[in-house]
Amino acid sequence: MPLPQPPAAVIFDMDGLLFDSEALYREALFSAGVETGLPVSEALYRQMVGNPWPTIWRLLLDLYGSEDSVAALRAAWTRDFESLAATRLALKTGVVEILDALDRLGLPRAIATSSQHHKVEHHLGMHGLAGRFHAVVAQGDYAAGKPAPDPFLRAAERLGVAPELCLALEDSHNGVRSAASAGMMTVMVPDLLEATEEMRGLCRAVARDLHEVRLFLLRSHGVAAD
């Protein structure tokens, strides 16, 4: 994974990158669709991945034509996701190991997510990771959500590191677009969405998992892997 320079900071997406939550969101959406009697599909869910709620709201409003229907689906979807996440939310492969590597390198790190702060706090707390990030940028902290660059630019600002010196890690297409437009060295770690030609053009690399990213980070700083 060639980079123009060793990263001075790392900025992580959350859902689908740190936590295996996208699969739970998908499962919850389908159960909410059954409960509310509203049609949902795999194609619809894939359109939602990596988007902030205002974008999803407009998508659903165009589909269902009723704010009440969208509100009913959202309420059931949120409730079902929280029920699933309470017992089944798992870390993605390599999360703890890459955070340990960042500690070893002395590099600051942040989260830039479309999710709400209370969800970030819940997910991090559930896995004992609450103190392992130097900043969290979530819904409400920026003017425009992904694919706009705002979330990643705000995260870099809070870390006090220039965007071009940051490595951004993303699993979604809109997340990659956001990080790349912020001028960051961007690596995609695919989850539910595959890396397209557009993504490969925007990224410095596409990694198999966070273990691969960790090894690259150590090498880029001239540190031998354990």
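This is a predicted model: local features need pLDDT of at least 70, side-chain atom pairs count only at pLDDT 80 or more; totals for chains, interfaces and linings use all residues.
At the interface, 20 residues of domain 1 make contact with 16 residues of domain 2. About 1300 Å² is buried between the two domains, and carbon and sulfur atoms account for 55% of that area. On the side of domain 1, Lys119, Leu192 and Leu193 supply 34% of the area buried against domain 2, more than any other three residues.

Polar groups also take part in this interface. Between domain 1 and domain 2 there are 3 residue pairs in polar contact, with both residues at pLDDT 80 or more. The interface has 1 salt bridge. A salt bridge joins the side chains of Glu194 and Arg46, with an N to O distance of 3.7 Å. Helix α6 (residues 117–126) gives 5 residues to the side of domain 1 that touches domain 2, the largest share of that side.

The aromatic residues come next. A pair of aromatic rings is described by how far apart the centres are and by the angle of the planes. The model has 5 aromatic pairs. Tyr25 and Phe81 make a stacked pair, with 3.7 Å from centre to centre and 0° between the planes. This pair links distant parts of the chain: Tyr25 belongs to helix α1 (residues 22–36) and Phe81 to helix α4 (residues 67–88), and 56 residues separate them. Tyr25 has a relative accessibility of 11%, so Tyr25 counts as buried. Phe81, at 2%, is buried as well.

A pair with another geometry is formed by Trp53 and Trp57. Their ring centres lie 5.9 Å apart and their planes meet at 70°; because this angle is over 60 degrees, the pair is edge-to-face. Both residues sit in helix α3 (residues 53–64), 4 residues apart, which is about one turn of the helix. How do Trp53 and Trp57 stand in terms of accessibility, buried or partly exposed? Trp53 has 15% relative accessibility and counts as buried. Trp57 has 23%, and therefore counts as partly exposed, since the limit for buried is under 20%.

These residues belong together: ring pairs join Tyr25, Trp53, Trp57, Trp77 and Phe81 into a cluster.

Conventions
Residues are numbered from 1 along each chain as its sequence is written. Side-chain values use heavy atoms; hydrogens and water are left out. Rings of Phe, Tyr and Trp (its six-membered ring) pair if their centres lie within 6.5 Å; planes under 30 degrees apart count as stacked, over 60 as edge-to-face and the rest as tilted. Helices (H or I, at least four residues) and strands (E, at least two) are DSSP runs, numbered from the N terminus. Buried means under 20% relative accessible area, exposed over 50%, partly exposed in between (1.4 Å probe, protein chains only). Contact means heavy atoms within 4.5 Å. Buried area is the accessible area (1.4 Å probe) that two parts lose on being put together, summed over both. A salt bridge is a side-chain nitrogen of Lys or Arg within 4 Å of a carboxyl oxygen of Asp or Glu. A polar contact is a pair of N or O atoms within 3.5 Å; within protein, one must be able to donate a hydrogen and the other to accept it, and residues adjacent in sequence count only if both atoms are side-chain atoms.
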